[in-house]
Amino acid sequence: MSMDICKKNDKSNVKECTGTGKIAQSEAAYNGGTISQAIHTKWAGKTVHFADETDSTNEWVKALAREGAEHGTLAVTEYQSAGKGRLGRRWTAPAGSSVMMSLLLRPQFAPQYASMLTLVMGLSVAQAAEKLGIEVSIKWPNDVVVSRKKICGILTEMSVDGENIRHVVIGVGINVNIEEIPQELSDKATSLYLETGRKYDRNQVVGLVMECFEKNYERFVQTCDLKLLIEDYNNLLANREQPVRVLAKEPYEGTAHGINEKGELLVERADGTITCVSAGEVSVRGLYSYV
């Protein structure tokens with residue numbers, strides 16, 4: 001396994017790279033140096049760690065955090081042997097086809113606000129896709145969707161010390177240049193390539209996500225809620241003004257009207273009452289399609 005560590009020099013704005021990263025055999029060079037050069041931010045992705053293969057970028061970043069890695073450290077890999085999704089599901093993709101990365105955050109706010117960061121990242125990935133000219137939406141709470149199919153998975157994990165956050169790790173997997181989706185997932189998942197017929201520079205994808213996330217995160221920490229991001233989020237929400245089924249202990253149906261400042265989905269029931277649906281308690285599916 002080869003590994004790169006690339007760090008931006010604050011004084012000269014030059015990326016300093018050490019290591020012997022192997023160039024991925026894909027549409028363009030993709031390694032610690034090329035990724036670092038595509039990131040134009042103050043802190044998000046300021047330090048890039050890259051490996052051809054790792055078990056899980058989330059686990060990698062947790063280890064880096066224990067070693068003292070700074071806020072905004074980014075780990076990227078070509079292949080995950082034990083990638084994780086929500087609810088313990090395995091997440092994998094062919095080498096050279098996707099963006100698989102995890103971002104380290106060291107927030108100063110209380111732990112109860114951290115779950116909203118998953119929505120912040122979902123919004124950021126969607127906005128990055130928009131900058132590439134792709135028509136995209138968000139299926140609440142954080143599935144990024146193109147043509148009613150998912151292109152992105154996000155997993156947020158937190159470590160706490162009493163009432164304080166040690167660190168938060170946000171893992172992101174984006175189907176970029178995948179040419180074929182397994183048949184059992186073909187009705188639910190897709191890639192940017194399959195939807196547009198174009199191959200994308202994954203360095204650029206990473207850079208755009210970091211740029212959007214940094215801006216959104218800095219707005220988020222001003223209020224420790226989604227107050228300053230609600231309009232942007234709701235404008236991309238696939239569920240907005242759509243019939244939904246809420247898969248709670250006692251399922252019910254209604255119409256989704258967008259999110260509130262806590263990231264809860266506002267669902268109007270048949271009797272006109274509004275229920276605030278928490279991402280941590282239920283799943284939401286459209287009545288007639290995946291989104």
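User: Let's start with strand β5. How many of the eight residues of β5 are buried?
Analyst: Eight of the eight residues in β5, which covers residues 98–105, are buried, so the strand is largely enclosed by the rest of the structure. Keep in mind that this is a predicted model.

User: OK, and which residues sit on each side of β5?
Analyst: One side has S98, M100, S102 and L104, and the other has V99, M101, L103 and L105. They are all buried, and both faces of β5 are covered.

User: How many bridges join β4 to β5?
Analyst: Four bridges join them, and β4 (residues 74–80) runs antiparallel to β5. As an example, L74 stands opposite L103 of β5.

User: And how many between β5 and β9?
Analyst: There are eight bridges between β5 and β9 (residues 164–175), again with the strands antiparallel. Within β9, G171 is the bridge partner of S102.

User: What actually holds paired strands together?
Analyst: Strands of a sheet pair through backbone hydrogen bonds, in either a parallel or an antiparallel way.

User: How many bridges join β10 to β14?
Analyst: Three bridges join β10 (residues 243–246) to β14, and the two run antiparallel.

User: Switching topic: how many salt bridges does the structure hold?
Analyst: The structure holds eleven salt bridges.

User: Give me one. Which side chain does K62 meet?
Analyst: K62 meets E59 in a salt bridge, at 2.9 Å from N to O. Both belong to helix α2 (residues 57–66), and because they are three residues apart there, about one helical turn separates them.

User: Is K62 buried or exposed?
Analyst: K62 counts as buried because its relative accessibility is 17%, and buried means under 20%. E59, at 32% relative accessibility, counts as partly exposed.

User: What about D232, which residue does it form a salt bridge with?
Analyst: D232 forms a salt bridge with R219, with the closest N and O atoms 3.1 Å apart. This pair links distant parts of the chain, since D232 is in helix α6 (residues 230–236) and R219 is in helix α5, 13 residues apart. D232 is partly exposed at 25% relative accessibility, and R219 is partly exposed as well, with a relative accessible area of 29%.

User: Which residues are joined into a network by salt bridges that share partners?
Analyst: E59, K62 and E157 are joined into one network that way.

User: Where do K188 and D187 come in?
Analyst: They form a salt bridge too, the closest N and O atoms being 3.5 Å apart. K188 is partly exposed at 40% relative accessibility, and D187 is partly exposed at 46%.

User: Last one: where is G197 found?
Analyst: G197 is in the loop between α4 (192–196) and α5 (202–223). With 53% relative accessibility, G197 counts as exposed. G197 and N177 are 20 residues apart in sequence, while their C-alpha atoms are 9.3 Å apart in space.

Note on methods: Residues are numbered from 1 along each chain as its sequence is written. This is a predicted model: local features need pLDDT of at least 70, side-chain atom pairs count only at pLDDT 80 or more; totals for chains, interfaces and linings use all residues. Side-chain values use heavy atoms; hydrogens and water are left out. Buried means under 20% relative accessible area, exposed over 50%, partly exposed in between (1.4 Å probe, protein chains only). A salt bridge is a side-chain nitrogen of Lys or Arg within 4 Å of a carboxyl oxygen of Asp or Glu. Two strands pair if DSSP finds at least two bridges between them.
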